[in-house]
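Please keep the structure open while reading.

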Amino acid sequence: MNRNHYVFRSLWTLPAPAPAVYRELERIEDYPRWWPQVREVTRLDDTGALLRIRSLLPYDLTQTLRELRRDPAAGVLEVSLSGDIEGRARWTVAPDGTGGSRVRYDQEVDVRKPLLRRLAVPGRPLFRANHRLMMRAGRRGLAAHLEAV
């Protein structure tokens with residue numbers, strides 16, 4: 001097992017229709033408006049952005065995202081990640097049958113940030129909990145943002 005390899009999956013249920021959720025998720029430059037842990041997004045071009053993320057633990061992660069797939073009909077947004085973490089992330093948005101939506105986030109990454117690599121074994125439970133907290137805040141933030149628009 002690679003101690004610096006992580007696979008995350010988050011499932012969100014949101015009261016907004018799937019097309020509205022998808023539109024918000026594809027506007028990555030707006031994430032800091034509703035997702036507290038996404039501190040900064042700098043668009044590099046039409047298919048790339050630089051993100052700075054900080055959750056509960058006292059470190060920033062900087063990563064470059066490059067669009068791999070944007071498919072509104074299938075509800076899929078997929079990016080490659082490079083920088084402090086490398087790998088892929090994918091949003092899949094679908095109607096839930098009640099007028100709301102189900103959102104699935106899948107991420108498979110390898111940690112590259114030297115400090116996190118050194119702390120891989122003792123820090124792994126904290127890193128996973130940190131990710132869960134960040135995703136919970138993201139779901140709450142997006143739900144509130146969707147209600148406001």
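**Cavity, pocket and sheet**

In this predicted model, the largest cavity has a volume of about 660 Å³, and the structure holds one cavity of 30 Å³ or more.

**The cavity**

- The lining of the largest cavity is made up of 43 residues, and those that lie nearest its centre are I53, Q63, L81, Y105 and Q107.
- Strand β4 provides the largest share of this lining, with seven residues.
- Sorted by class, the lining of the largest cavity comprises 26 nonpolar, seven polar and 10 charged residues.

**The sheet**

- Seven strands make up an open sheet with antiparallel pairing, and their order is β1-β7-β6-β5-β4-β3-β2.
- Strands β1 and β2 (38-45) stand at the edges and have a single partner strand each, so one side of each is left without a neighbour in the sheet.
- On average, and with direction ignored, neighbouring strands of this sheet are turned by 20° against each other.
- The pairing of β1 with strand β7 (residues 101-111) is antiparallel and extends over 10 bridges, and within β7 it is D106 that stands opposite R9.
- Strand β5 (residues 76-83) runs antiparallel to strand β6 (residues 85-95), to which six bridges join it, and V76 has T92 in β6 as its bridge partner.

**Helices on the sheet**

- Helix α1 (residues 18-26) packs on the sheet, where it touches β1, β2, β4 (61-71), β5, β6 and β7, and its direction makes about 160° with that of β6.
- Helix α4 (residues 120-148) also packs on the sheet, touching β1, β2, β3 (48-53), β6 and β7, while its direction makes about 25° with that of β1.

**Strand β1 and the pocket**

- Strand β1 (residues 5-14) has a covered face formed by Y6, F8, S10, W12 and L14, whereas H5, V7, R9, L11 and T13 belong to its uncovered face.
- The largest pocket contains about 160 Å³ of space, and its lining draws at least two residues from each of β1 and α4.
- The residues that line this pocket are V7, F8, R9, S10, L11, W12, R128, H131, R132, M135, R136 and R139.
- By class, five nonpolar, two polar and five charged residues are found in the lining of the largest pocket.

Terms used
Residues are numbered from 1 along each chain as its sequence is written. This is a predicted model: local features need pLDDT of at least 70, side-chain atom pairs count only at pLDDT 80 or more; totals for chains, interfaces and linings use all residues. Side-chain values use heavy atoms; hydrogens and water are left out. Buried means under 20% relative accessible area, exposed over 50%, partly exposed in between (1.4 Å probe, protein chains only). Helices (H or I, at least four residues) and strands (E, at least two) are DSSP runs, numbered from the N terminus. Two strands pair if DSSP finds at least two bridges between them. Axes are lines fitted to C-alpha atoms, for helices over the stretch in contact, and angles run from 0 to 180 degrees between N-to-C directions. Contact means heavy atoms within 4.5 Å. On a 1 Å grid over the protein atoms alone, a cavity is a set of points where a 1.4 Å probe fits but cannot get out, and a pocket is an open set with protein on both sides within 12 Å along at least five of seven lines; lining residues have an atom within 4 Å of a point. Grid points are joined across faces, edges and corners, and a volume is the space filled by probe spheres set on the points. Ala, Val, Leu, Ile, Met, Phe, Trp, Tyr, Cys and Pro count as nonpolar, Asp, Glu, Lys and Arg as charged, and the others, Gly among them, as polar.
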